[in-house]
Amino acid sequence: MLADRTGSRLHSYIPDYVVFDLETTGISCAQDEVVEISAVKVKGGQVVDEFSTLVNPGIPIPFYATQVNGITNEMVQNSPDFSEALAAFLDFVGDAVLVGHNIHAFDMKFLYRDARRFWNKTLDNDYVDTLQMARMCLPRLGHHRLVDLAEYYGISSEGAHRALNDCRMNQQVFELLGRDLAKRSDPAPRSADGMRICPKCGSPLKLRNGRFGEFYGCSGYPVCRHTEKV
């Protein structure tokens with residue numbers, strides 16, 4: 001939802017969420033624009049609704065972008081601009097936790113930028129990045145692209161790089177990553193280098209001393225007060 005602060009990155013499975021994906025004219029959130037936004041709403045681990053629209057970016061779509069996602073200038077010429085599409089997306093999402101692949105470094109930046117551009121606000125929805133989650137759960141997997149995870153789990157990747165197809169694929173991946181995370185002997189989420197991280201805000205956990213001995217405390221204190229027993 002629109003707010004004055006951004007949400008937090010989470011590192012755990014949740015059963016209720018909205019997985020989303022963007023297709024853009026390129027990889028720079030400083031220069032490029034969104035050409036497609038899609039989302040899949042999930043309740044109790046089950047898909048209950050979908051949202052998808054092409055977007056007129058207001059600039060020509062480069063040939064190299066079309067080679068990746070198949071979206072042409074002709075396809076988007078009668079589509080809504082992103083202010084209209086983003087407003088519809090936010091109505092669809094509400095206050096749900098967002099899930100997506102590589103969204104921490106890519107998709108969320110576009111959403112934050114354009115929410116500020118259109119309404120001088122940002123999004124306060126918490127979110128889960130399945131790229132980071134996959135690196136935690138499957139450290140021995142050579143690559144952690146969405147199609148790599150789909151192949152690992154035996155999920156069809158047909159139609160990859162169109163936003164709604166990627167959402168459907170990633171929804172299945174997230175459910176299976178959640179299953180694998182629950183099977184870990186040490187359920188505490190960890191970063192790629194093995195450091196324990198806070199499941200609430202994603203900050204590193206630090207070993208501290210208290211009145212009753214050692215404990216793990218969030219380095220984001222006092223904003224985040226999460227603690228764990230040693």
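Biologist: How many residues does helix H4 have, and what does it reach from its first C-alpha to its last?

Modeller: This is a predicted model, so every value that follows is computed from its atoms. Helix H4 covers residues 107–119, which is 13 residues, and it reaches 18 Å from its first C-alpha to its last, close to the 18 Å expected at 1.5 Å a residue.

Biologist: Which residues in H4 are buried?

Modeller: Burial is read from relative accessible area, and under 20% counts as buried. In H4 the buried residues are Asp107, Met108, Phe110, Leu111, Tyr112, Arg113, Asp114 and Ala115.

Biologist: At what angle do H3 and H4 pack, and how far apart are their axes?

Modeller: Helix H3, residues 82–93, packs with H4 at an angle of about 110°, and the two axes are 11 Å apart. Because angles from 65 to 115 degrees count as roughly perpendicular, H3 and H4 are roughly perpendicular to each other. Their crossing is left-handed. On the H3 side the residues that meet H4 are Phe82, Ser83, Leu86, Ala87, Phe89 and Leu90, while H4 brings Leu111, Asp114, Ala115, Phe118 and Trp119. Sorted by class, this contact of H3 with H4 has nine nonpolar residues, one polar residue and one charged residue. Among the H4 residues in this contact, Leu111, Asp114 and Ala115 also belong to the buried set of that helix.

Biologist: What follows H4, and is its phi positive or negative?

Modeller: As a general idea, most residues other than glycine have a negative phi. H4 is followed by asparagine 120, whose phi is positive, near 55°, although asparagine 120 is not a glycine. This asparagine lies in the loop between H4 and strand S7, residues 122–123, and with a relative accessible area of 66% asparagine 120 is exposed.

Biologist: Where is the place of asparagine 102, and what is its phi?

Modeller: Asparagine 102 is found in the loop between strand S6, residues 98–100, and H4. Its phi is positive, about 65°, although asparagine 102 is not a glycine. At 30% relative accessibility, asparagine 102 counts as partly exposed, whereas asparagine 120 is exposed.

Biologist: Is threonine 130 buried or exposed, and in which helix does it lie?

Modeller: Threonine 130 lies in helix H5, residues 130–137, and at 0% relative accessibility it counts as buried. Leaving aside neighbours within four places in sequence, threonine 130 is in contact with Val99, Gly100, His101, Leu149, Asn170, Phe174 and Leu177. The C-alpha atoms of threonine 130 and tyrosine 13 are separated by 9.8 Å, although these two residues are 117 residues apart along the chain.

Biologist: At what angle do H5 and H7 pack, and which residues make the contact?

Modeller: H5 and helix H7, residues 163–183, pack at an angle of about 35°, with their axes 10 Å apart, and their crossing is left-handed. The contact is made by Thr130, Met133, Ala134 and Cys137 of H5, together with Asn170, Phe174, Leu177, Gly178 and Leu181 of H7. By class, this contact has six nonpolar residues, three polar residues and no charged residues.

Key:
Residues are numbered from 1 along each chain as its sequence is written. This is a predicted model: local features need pLDDT of at least 70, side-chain atom pairs count only at pLDDT 80 or more; totals for chains, interfaces and linings use all residues. Side-chain values use heavy atoms; hydrogens and water are left out. Helices (H or I, at least four residues) and strands (E, at least two) are DSSP runs, numbered from the N terminus. The expected span of a helix is 1.5 Å times one less than its number of residues. Buried means under 20% relative accessible area, exposed over 50%, partly exposed in between (1.4 Å probe, protein chains only). Axes are lines fitted to C-alpha atoms, for helices over the stretch in contact, and angles run from 0 to 180 degrees between N-to-C directions. Angles under 35 degrees count as roughly parallel, over 145 as roughly antiparallel, 65 to 115 as roughly perpendicular and the rest as oblique. A crossing is left-handed if the near helix is turned anticlockwise from the far one by less than a right angle, and right-handed if clockwise. Contact means heavy atoms within 4.5 Å. Ala, Val, Leu, Ile, Met, Phe, Trp, Tyr, Cys and Pro count as nonpolar, Asp, Glu, Lys and Arg as charged, and the others, Gly among them, as polar.
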